[in-house]
Amino acid sequence: MLLRQLEYLVALARERHFARAAAACHVSQPSLSAAIRRLEHELGVPVVRRGRRYEGLTPEGELVLAWAHRILAERDALHQELSVLRGGLTGTLRLGVVPTALPVASLLTTPFCDRHPLARVALQSLSSADITHGLGEFELDAAMTYLEDDTLRNVRRLPLYEERYVLLTPVGGELGEARTARWSQAAALPLCLLDPRMRNRRIIDECFAADGAVAAPAIESDSVAGLYAHLPGGRWSSVISHAWLHMFGVPDGMRVVPLVGPAHGPRVGLVVARSEPQSVLADALVAVARGAGVRDALDELLHSYLGGSGGRSG
């Protein structure tokens with residue numbers, strides 16, 4: 001059995017299509033199909049359910065896939081440990097990040113690359129469900145996500161910061177001169193918010209509900225960038241996490257107003273699977289994160305906007 005055959009099987013299970021799996025592995029489709037047939041012959045069991053197209057894995061194939069993930073992870077861990085002995089950590093850190101934490105990912109990835117210049121980072125914007133799957137299947141080394149996510153199992157958690165929600169509103173608007181605002185007041189404004197399918201939006205809706213309000217935004221976006229694109233111009237307001245100020249700042253003509261009320265923001269942190277083998281790259285990222293001071297950096301940034309003009313660009 002060759003490691004390459006296991007890589008092909010993992011790619012096929014991920015892509016659920018022979019041609020796409022072959023393209024992902026940079027081989028022809030006949031070469032990938034032949035390698036998987038050789039794997040079935042060597043193991044003496046059918047691995048793939050075949051019809052006119054890919055129809056999934058057999059029960060035996062699901063077991064082989066689980067072992068393939070572990071074997072390939074062991075190989076990667078070996079390479080990483082050997083690279084440390086050779087004088088510098090190498091390899092690619094696979095980091096999954098929920099979309100609302102992407103604006104601050106550089107607070108970890110930049111110092112990581114500074115400390116380990118021979119290593120690379122592959123950053124993926126993923127949903128909470130995809131992060132849980134990726135960690136369990138050895139497809140991710142680490143992730144930045146909400147720590148209270150009930151789907152996370154058998155992981156180490158390192159808190160990074162608590163989301164603090166603020167109102168971005170036009171300077172000349174109804175709350176443009178307010179020192180603070182309640183969630184119920186914000187709900188009455190013309191709003192642009194994230195899509196309800198996103199976890200951050202569901203958390204924000206809970207905050208509105210805790211203050212007896214329901215938000216009815218005129219515009220909803222499935223990305224932070226799409227949301228911010230609508231804010232210049234003085235028409236729309238939005239509720240954002242203070243972490244987004246790190247990348248996007250405050251659009252011209254708007255200011256930051258703290259939101260007060262009974263609800264508190266959730267914790268965002270770094271998570272690493274506890275399963276063996278442990279990723280040397282993930283452990284290196286955890287070491288960087290412990291000294292990165294993400295919470296303090298974001299709190300200081302928010303204070304600078306609240307204490308200054310509030311309308312400068314980021």
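This dialogue covers a pocket and a helix pair in a predicted model.

Colleague: What kind of model is this, and how are its residues numbered?

Modeller: It is a predicted model, where local features need pLDDT of at least 70, side-chain atom pairs count only at pLDDT 80 or more, and totals for chains, interfaces and linings use all residues. Residues are numbered from 1 along each chain as its sequence is written, and side-chain values use heavy atoms, without hydrogens and water.

Colleague: How many residues line the largest pocket, and which lie nearest its centre?

Modeller: On a 1 Å grid over the protein atoms alone, a pocket is an open set of points where a 1.4 Å probe fits, with protein on both sides within 12 Å along at least five of seven lines; lining residues have an atom within 4 Å of a point. Here 31 residues line the largest pocket, and Val 10, Arg 14, Arg 94, Phe 138 and Glu 139 lie nearest its centre.

Colleague: Which helix gives the largest share of that lining?

Modeller: Helices are DSSP runs (H or I, at least four residues), numbered from the N terminus. Helix 4 gives the largest share, seven residues.

Colleague: How do helix 1 and helix 2 lie to each other?

Modeller: Axes are lines fitted to C-alpha atoms over the stretch in contact, and angles run from 0 to 180 degrees between N-to-C directions. Angles under 35 degrees count as roughly parallel, over 145 as roughly antiparallel, 65 to 115 as roughly perpendicular and the rest as oblique. The two axes come within 8 Å and cross at roughly 130 degrees, so helix 1 and helix 2 are oblique.

Colleague: Which residues make the contact?

Modeller: Contact means heavy atoms within 4.5 Å. Among them are Tyr 8 and Leu 12 of helix 1 and Phe 18 and Ala 21 of helix 2.

Key. Helix = DSSP H or I, 4+ residues; strand = E, 2+ residues; numbered from the N terminus.
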